[in-house]
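Keep the sequence and the 3D view open while reading.

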Amino acid sequence: MAVAAVLAGPVPAARAAVTLTPVTGFGSNPGQLSMYVHRPATLPAAPPLVVALHGCTQSARAYADHSGLPELAARAGFLLVLAEQSSANNANKCFNWFQTSDSRRGQGEAASIRQMVAHAVASYGADPKRVYVTGLSAGGAMTSVMLAAYPDVFAAGAVVAGLPYDCARDVASAYSCMNPGVDLTPAQWAQRVRDAHPGWTGPWPRVAVWHGDRDTTVVPRNADELRDQWTAVHGLAQSPTRTSLIGPNATRHEEYAATDGSVAVEVNRVPGIGHGTPVDPGTGPQQCGSTSAAYFLDSICSSHWIAAFFGLTDAGGGTPPPDPGPGPGPGPDPVPVSCWTSSNYHHVQAGRATTSGGYTFANGSQQNMGLYNTFVTHTLRESPAGWYTLADATCP
């Protein structure tokens with residue numbers, strides 16, 4: 001992030017570096033970013049395009065070598081574009097997601113990334129209808145920028161340890177957004193997205209959120225605020241349609257389905273990790289990435305699941321299955337559910353919530369429950385065990 005250095009370590013000798021091609025002359029480049037392309041040995045005609053945005057003090061090279069995205073590009077057959085920040089723009093090489101001069105449509109760094117997409121479509125034959133974006137930390141926050149400012153360009157995006165769009169407009173407010181987080185209503189968050197492109201009347205991008213449940217740099221509350229922002233943009237409730245556990249570490253996977261049954265928003269809460277990109281080194285169909293640099297954390301191959309969310313591969317690791325057509329609709333939540341109604345004081349005493357600064361926060365989701373006292377009462381929904389969300393009107 002703008003205030004959190006992410007150190008990229010050396011690539012192990014046994015691991016071959018990913019081939020990256022620098023690209024110049026991709027446009028006027030008002031944000032003064034660098035562009036790199038990774039093109040797998042085999043690509044279909046009009047391949048999908050994924051844009052990747054690194055974290056602070058990282059580089060395109062570091063993100064390519066450790067995130068697992070090039071491995072997924074080879075498996076799923078997509079073109080990978082990596083944008084790179086410079087220390088001239090930001091001393092820590094963070095994308096300037098918190099500066100309006102770089103986070104608005106047609107301006108600065110956001111416009112440069114848009115130009116990279118246009119160049120990849122024109123020069124590499126990428127499919128303009130299948131363009132996606134993902135990034136870590138400051139790159140995750142810039143992913144939010146691109147989805148809000150260019151809904152006409154990106155079909156979907158994945159925000160990894162990032163923040164909602166337009167959470168901050170200067171360095172000071174960026175700190176508050178990262179920790180302890182900013183709590184707005186879903187309608188307020190959604191309006192900030194709509195204001196990014198006021199004339200837009202088409203479909204909004206689908207959004208996946210990835211966040212470690214022990215992240216103290218960009219606190220997990222930001223995953224909830226991102227969920228609130230994008231479910232509201234899509235006109236959906238903030239309670240998941242269905243939940244499940246995925247991957248080798250039982251990542252909590254929440255899906256928010258549109259009326260046609262497609263997943264418009266998903267939230268993936270990764271247990272036991274702090275701030276970084278979840279990876280799972282290995283050669284299995286659901287494995288990818290390297291942990292030999294800081295902030296690439298051994299847990300679950302997020303790039304695998306992100307590619308599946310984009311529709312580029314199935315969750316098992318192969319090519320996407322044929323579209324089965326409209327189904328019967330979402331099924332019941334497969335995770336056991338318990339509900340607890342009590343005062344905020346008693347929730348804390350029972351271990352279902354914690355208190356900080358006079359306020360109460362639900363364990364797991366870190367949702368703000370209001371003042372820590374015996375007069376404020378809430379219902380908490382527990383699913384899976386130890387994970388609590390506010391459910392005053394939705395608990396069975």
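This report covers disulfides, a helix pair and some backbone details.

The model is predicted.

## Disulfides

How many disulfides does a search of the whole structure find? The search finds three. The table lists them.

| Pair | S to S distance | Torsion about S-S | Handedness |
|---|---|---|---|
| C56 and C94 | 2.1 Å | 125° | right-handed |
| C167 and C177 | 2.2 Å | about -110° | left-handed |
| C288 and C301 | 1.9 Å | 100° | right-handed |

Next come C167 and C177. The torsion about their S-S bond is about -110°, so this disulfide is left-handed. C167 belongs to the loop between β6 (156-160) and α5 (171-178). C177 belongs to helix α5 itself. The pair therefore ties together parts that are 10 residues apart in sequence. Are C167 and C177 buried or exposed? Both are buried.

That leaves C288 and C301. Here the link joins distant parts of the chain, 13 residues apart. C288 is in the loop between β11 (277-279) and β12 (296-298). C301 is in the loop between β12 and α8 (302-310). C288 has a relative accessible area of 0%, so C288 is buried. C301 also counts as buried, because its relative accessibility is 0%.

## A helix pair

Now turn to helix α6 (residues 186-196) and helix α7 (residues 221-233). Their axes come within 8 Å. They cross at roughly 70°. That angle is why α6 counts as roughly perpendicular to α7. The crossing of α6 past α7 is right-handed.

Which residues make the contact? On the α6 side they are P186, A187, W189, A190, R192, V193 and R194. On the α7 side they are E225, D228, Q229, W230, A232 and V233. By type, the residues of this contact divide into eight nonpolar, one polar and four charged.

## Backbone details

Some spots in the backbone deserve a look.

Start with P180, in the loop between α5 and α6. The peptide bond that runs from N179 to P180 is cis. Its omega is near 20°.

Then find Q32, in the loop between β1 (21-23) and β2 (34-38). Its phi is near 55°. That is a positive value in a residue other than glycine. Is Q32 buried or exposed? Q32 counts as exposed, because its relative accessibility is 51% and the cut-off for exposed is over 50%.

K93 is not a glycine, yet K93 has a positive phi of about 60°. K93 is found in the loop between β4 and α3.

## Recap

Three disulfides were found in the search. Helices α6 and α7 meet in a right-handed crossing. The bond from N179 to P180 is cis. Q32 has a positive phi, and K93 has a positive phi too.

Definitions and conventions:
Residues numbered from 1 in each chain as written. Predicted model: local features only at pLDDT ≥ 70, side-chain atom pairs only at ≥ 80, totals over all residues. Heavy atoms only, no water. Axes fitted to C-alpha atoms, helices over the stretch in contact; angles between N-to-C directions. Helix = DSSP H or I, 4+ residues; strand = E, 2+ residues; numbered from the N terminus. Parallel < 35°, antiparallel > 145°, perpendicular 65-115°, else oblique. Left-handed = near helix turned anticlockwise from the far one by under 90°. Contact = heavy atoms within 4.5 Å. Nonpolar A, V, L, I, M, F, W, Y, C, P; charged D, E, K, R; others polar. Disulfide = S-S within 2.5 Å. Buried < 20%, exposed > 50% of the residue type's maximum accessible area, 1.4 Å probe, protein only.
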